[in-house]
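Good morning, and thank you for making time for this item. I would like to take you through one structure, moving from overall architecture to individual contacts.

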Amino acid sequence: METLKDAFDFRDFSKTERIVFGLFTLFLLIFPWLGAGSFVKVVLIQFLLFSLFGMGWNTIGGYGGQVELGKAQYVGIGAYTVALMMVWWNIPFWVSMPMGVLIAIGYSFIIGYPLFRLKGHYFAIATICTSLVLQDVFINWKLVGAAKGIEIPIREQPDFLYMQFKSDTYYYYFIMIFFFVAILYMNGFRKSKLGYQLRMIKDDEEAAESLGIDARWCKIKAYSIASAFVAVGGGFLTVYNFYIDPYSVMDLDLSIKIALMAMLGGAGSLWGPIIGAAFLVPLDRFLGSWLGGHKGLVGLDFMIYSTLIMFVSAYQPRGIWGIIEQFRRKGA
Amino acid sequence: MVDLVKDFGGLVANNRVSFHINQGEIIGLIGPNGAGKTTLFNCIVGYHKPGSGRVIFKGKDITGFKPFMTNREGIGRTFQLMKVTTGMNVLENVMIGAFCRTDHRSTAKKEAAEILEFLGLGEVKEYHLNELPIASQKKVGLARALATKPELLMLDEVASGLNPKETEELVNAIKRIHAERKITLILIEHIMEVVMPISQRVIVLDSGEKIAEGLPTEIVKIERVIKAYLGEKYAKGL
């Protein structure tokens with residue numbers, strides 16, 4: 001009960017933060033009626049999706065301080081569960097998506113249990129490896145389409161049960177709901193016992209253990225929560241793209257993007273992953289479409305993109321949100 | 001109720017150290033550098049596994065328990081060096097200790113505030129650790145351990161790095177913890193001014209072995225203790 005109240009309680013944020021968040025919510029709600037082009041709509045859907053991923057990653061990576069670079073495997077689990085259940089048994093999205101989340105949680109416990117014996121760099125490397133192994137399995141597994149991937153059957157009529165719509169607007173609102181649910185969840189999470197314990201583990205694991213905190217178990221729990229979050233996003237990717245393959249949903253590139261956005265925005269804060277996604281997704285998309293089209297300039301967008309990331313992280317390791325807080329404290 | 005038996009066969013740091021602590025006692029654990037005080041300490045709270053021997057707490061064998069398990073059994077500890085972290089303020093730090101026994105944030109917050117008030121830290125609860133002097137940081141460490149509601153509290157060189165006035169204040173705080181909260185205390189200490197006035201019993205370690213045990217006033221008269229720790233000069237001065 002207390003947790004539920006905490007989730008809806010934004011009072012400990014400053015007035016400015018609440019106003020900005022309120023305006024931003026309003027913008028998201030009315031955005032489809034502003035007459036923006038389909039490209040902008042796609043960018044915004046991507047932004048919401050990556051915010052969702054980032055917020056999930058933030059539990060273990062931000063609050064728990066563990067450099068986790070294997071989230072793509074759970075995106076993949078979520079995506080494949082939805083796709084396969086739809087192709088094989090014609091099961092609606094609203095059944096298969098929760099199944100995907102459950103499988104992701106189960107799998108994360110199996111992977112997390114040995115993984116969290118490791119610390120620091122070794123842990124980071126191990127997360128990459130587990131993700132790569134799963135990707136390789138799916139690339140070579142004939143039953144699930146191997147490297148060719150799977151297409152989900154397209155229905156003649158738009159169908160809410162199977163989440164198939166003609167217009168992107170529906171997908172937009174659909175992912176937006178998940179986005180807000182995620183914000184509420186994270187708002188409760190940061191004030192929960194687990195949230196506090198993770199922050200202590202991040203600060204000083206030895207001291208955390210002396211305060212009765214089972215560090216390994218806490219990390220596994222946070223890791224599972226993060227996995228559940230990204231599995232939801234994975235399920236969405238399937239119904240949104242109608243097609244998945246191991247390269248698009250399980251790539252190392254995706255894992256790194258998830259972690260990078262959250263870190264750049266500000267790991268360990270509620271707004272961080274959202275800011276990171278709001279910054280990097282459009283940058284990535286617009287630079288890509290703008291520069292990628294010119295001959296001789298291909299690749300330049302990646303250079304600009306990575307230079308910006310380097311500058312921000314060199315200036316303030318706690319990311320963009322860290323910079324904002326730094327200025328606020330100076331002003332106060 | 002608290003019953004500690006400890007043997008370490010073949011272990012260099014601690015060789016067949018065994019002692020017994022009664023509930024409500026204050027024990028001072030002293031010895032020269034490298035005597036194995038910290039190793040002994042770590043074996044009890046679970047950071048090291050003893051090579052052999054047993055640790056028995058309240059009649060329960062807790063040998064080889066992990067640190068978080070010994071804490072849940074009722075053993076709290078403080079650190080010699082408090083890692084200065086910027087992530088959380090003082091109140092939140094202490095709340096994490098309180099979360100050891102409760103799941104509710106409001107309960108944890110209330111308990112943490114009480115303990116901070118008790119130790120005279122009520123005014124700094126919104127501050128971050130790096131904004132506080134070292135004496136207050138040490139007290140926060142104490143408060144954090146207290147918040148886990150220990151029955152046995154082990155203090156690792158609480159007075160190191162403090163000036164005489166701060167030391168005196170801390171000693172008073174420890175006395176009050178003992179008097180009002182009925183907690184058994186083990187102090188690992190270099191500074192005699194801390195150990196002697198509050199300890200009811202002192203255990204002296206040297207080269208991993210227990211060389212003496214007794215009242216503070218008696219211990220300073222034992223020749224072996226003088227030789228190993230207090231120094232010949234100090235002894236002649238007596």
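**Chain A: overall architecture**

What we have here is a predicted model. In chain A, the secondary structure consists of 15 helices and two strands. The radius of gyration of this chain is 20 Å, close to the 20 Å that the globule rule gives for 332 residues, so chain A is as compact as a globular protein of that length. Its C-alpha trace extends over about 55 × 50 × 45 Å along the principal axes.

Two further figures describe the interior of the chain. Of the 332 residues in chain A, 44% are buried. If we take the contacts in chain A with a separation of 6 or more, 75% of them are made by residues 24 or more positions apart.

**A helix pair in chain A**

Let me turn to one example of helix packing. Two packed helices are described by the angle between their axes and the distance between the axes. For helix α12 (residues 252-266) and helix α13 (residues 272-291) of chain A, the angle is about 110 degrees and the axes lie 6 Å apart. The range for roughly perpendicular runs from 65 to 115 degrees, and α12(A) and α13(A) are therefore roughly perpendicular to each other.

Which residues of α12(A) meet α13(A)? They are M261(A), A262(A), L264(A), G265(A) and G266(A). On the side of α13(A), the residues include G272(A), P273(A), I274(A) and F279(A). By class, the residues of this contact comprise nine nonpolar, four polar and no charged.

**The contact between the chains**

We come now to the contact of chain A with chain B. Chain A contributes 17 residues and chain B contributes 23 residues. On the side of chain A, the elements giving two or more residues are α8 (193-203) and α9 (205-210). Here α8(A) provides the largest share, with seven residues. This side of chain A divides into five nonpolar, three polar and nine charged residues.

**The sheet of chain B**

Finally, chain B holds an open sheet of six strands, in the order β4-β5-β6-β1-β7-β8, with mixed pairing. At its edges stand β4 (75-77) and β8 (209-214) of chain B, each with a single partner strand, so one side of each is left without a neighbour in the sheet. Neighbouring strands are turned by 20 degrees against each other on average, direction ignored.

The partner of β8(B) is strand β7 (residues 201-206) of chain B; the two run antiparallel and are joined by five bridges. In one bridge, L205(B) is partnered by K210(B) in β8(B).

Conventions. Residues numbered from 1 in each chain as written. Chains lettered and ligands numbered in written order. Predicted model: local features only at pLDDT ≥ 70, side-chain atom pairs only at ≥ 80, totals over all residues. Axes fitted to C-alpha atoms, helices over the stretch in contact; angles between N-to-C directions. Helix = DSSP H or I, 4+ residues; strand = E, 2+ residues; numbered from the N terminus. Parallel < 35°, antiparallel > 145°, perpendicular 65-115°, else oblique. Contact = placed C-beta atoms within 7 Å. Nonpolar A, V, L, I, M, F, W, Y, C, P; charged D, E, K, R; others polar. Rg over C-alpha atoms; globule rule 2.2 N^0.38 Å. Buried ≥ 20, exposed ≤ 12 C-beta atoms within 10 Å, placed from the backbone. Pairing = 2+ DSSP bridges.
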